[in-house]
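Colleague: Could we go through this model together, one question at a time?

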Amino acid sequence: MTTRHRTEPSTRGEHDDLLLGEWACLGILYRAPAHGFAIAARLRPDADIGRIWSLSRALTYRSLDQLAARELITPIGQERGIAGPNRTILAATRRGRARFRRWVRTPVEHVRDLRSELLLKIVLARENGIDIAPMLAAQHTRVRDVLAGLDTDDDPTDVVRLWRREAAAGALRFLERLIT
């Protein structure tokens with residue numbers, strides 16, 4: 001089982017975008033408070049969110065630390081641990097919830113990120129009751145435009161272009177099923 005993650009610099013500015021694992025943690029906390037261990041359990045490769053984007057327990061806690069440092073989540077209490085120390089209960093802040101809603105309602109920029117980022121947005125939006133119909137329509141338009149640009153080249157030996165064309169065509173069909 002491979003953990004998918006991006007390498008992040010040790011310091012990031014306030015306006016730098018969050019990493020996908022951080023968005024996943026924030027999305028899990030959007031609806032209800034939870035402790036880190038429960039969040040990490042949902043990000044295991046065989047878990048509901050982990051099927052889309054998985055993180056090790058260590059990377060989950062690092063993501064939570066980053067979110068707390070940016071004041072997008074905050075500790076709200078303690079819960080007795082089953083076999084260890086007390087667990088800190090975390091909740092999304094008002095700012096974190098607003099930032100998550102903006103992110104989940106923004107189309108994915110690159111076709112290469114549709115499998116992970118778009119799928120994560122769809123699943124978390126549905127779980128949290130956030131309407132993303134306008135985003136899906138905008139995403140459809142964006143993918144359709146990319147596909148139209150890829151269809152202008154008829155070089156059958158360009159395997160990268162062929163791969164991008166097939167990925168975009170598949171994504172377009174997927175989006176059409178969601179929209180209708």
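Colleague: Which residues form one aromatic cluster?

Modeller: This is a predicted model, in which local features need pLDDT of at least 70, side-chain atom pairs count only at pLDDT 80 or more, and totals for chains, interfaces and linings use all residues. Residues are numbered from 1 along each chain as its sequence is written, and side-chain values use heavy atoms, with hydrogens and water left out. Rings of Phe, Tyr and Trp (its six-membered ring) pair if their centres lie within 6.5 Å, and the one cluster consists of Trp23, Tyr30, Phe100 and Trp103.

Colleague: How are the rings of Trp23 and Trp103 arranged: stacked or tilted?

Modeller: Planes under 30 degrees apart count as stacked, over 60 as edge-to-face and the rest as tilted. The ring centres of Trp23 and Trp103 are 4.7 Å apart with their planes at 5°, so the pair is stacked.

Colleague: Is Trp23 buried or exposed?

Modeller: Buried means under 20% relative accessible area, exposed over 50% and partly exposed in between, using a 1.4 Å probe and protein chains only. With a relative accessible area of 3%, Trp23 is therefore buried.

Colleague: At what angle do α1 and α4 pack?

Modeller: Helices (H or I, at least four residues) and strands (E, at least two) are DSSP runs, numbered from the N terminus. Axes are lines fitted to C-alpha atoms, for helices over the stretch in contact, and angles run from 0 to 180 degrees between N-to-C directions. For α1 (residues 20-31) and α4 (residues 94-104), the axes are 10 Å apart and the angle is about 115°.
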